[in-house]
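Reader: I have a chain to look at and some plain questions about its fold. Can we go through them one at a time?

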Amino acid sequence: MKLHELSPNAGSRKRRKRVGRGDSSGLGKTAGRGEKGQKSRSGSSVRPFFEGGQIPLFRRLPKRGFNSPDHVEYQLVNLNILEENFNAGDVVDQESLRAKNLLGKKVQMIKILANGEITKALTVKAEKFSAQAQAKIEAAGGKVEVVE
């Protein structure tokens, strides 16, 4: 096989459609647009979901709910995760949790919840703690620091 013998696979290269180039081309006169109507006119474009003047679906459906602009989302971390991934005396904060791939990539505030038991004395820094989680950490000899 030589370079000049190479050719693309059959059907992989499609010729472009040349419209409005005479009746014998098959796409002359109306250029494949049909006779009359909005889409046959030059410069016409119909926006997405346009239903020909009928009230569109998104306006027919009732509005529901409310999204508060002040909504704060917390990344939840349970005590059993701290127990499994940290040693006694460690400082647990956002950087250390992210270094161990325990948090997502999105930077969020952290809330520590009391699911599971903790036996190690850890210094935990987070934006929020549940009352039970705070009590369990302090009972294990650890410290709780609320970060602002």
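Predicted model: local features only at pLDDT ≥ 70, side-chain atom pairs only at ≥ 80, totals over all residues.

Reader: What radius of gyration does the protein chain have, against that of a compact globule of 148 residues?

Author: The C-alpha trace spans about 90 × 60 × 25 Å along its principal axes. A compact globule of 148 residues would come near 15 Å, but the radius of gyration of the protein chain is 33 Å.

Reader: Which residues have the most contacts inside the largest nonpolar core?

Author: The largest nonpolar core has 18 residues. Two or more residues come from each of α2 (79–85), β3 (109–113), β4 (123–126) and α4 (131–139). Those with the most contacts inside this core are L79, L82, L97, I112 and V124.

Reader: Which residues does V124 touch, not counting residues up to four places away in sequence?

Author: V124 is one of the residues with the most contacts inside the largest nonpolar core. A touch here needs heavy atoms within 4.5 Å. Leaving out residues up to four places away in sequence, V124 touches L82, V92, I112, F129, I137, K143, V144 and E145.

Reader: The charged end of which residue sits over the ring of F86?

Author: To count, the charge must be within 6 Å of the ring centre and within 35 degrees of the ring normal. At 4.9 Å from the centre of the F86 ring, the charged end belongs to K100.

Methods. Residues numbered from 1 in each chain as written. Heavy atoms only, no water. Core = buried A, V, L, I, M, F, W, Y, C linked by side-chain atoms within 4.5 Å. Buried < 20%, exposed > 50% of the residue type's maximum accessible area, 1.4 Å probe, protein only. Helix = DSSP H or I, 4+ residues; strand = E, 2+ residues; numbered from the N terminus. Rg over C-alpha atoms; globule rule 2.2 N^0.38 Å.
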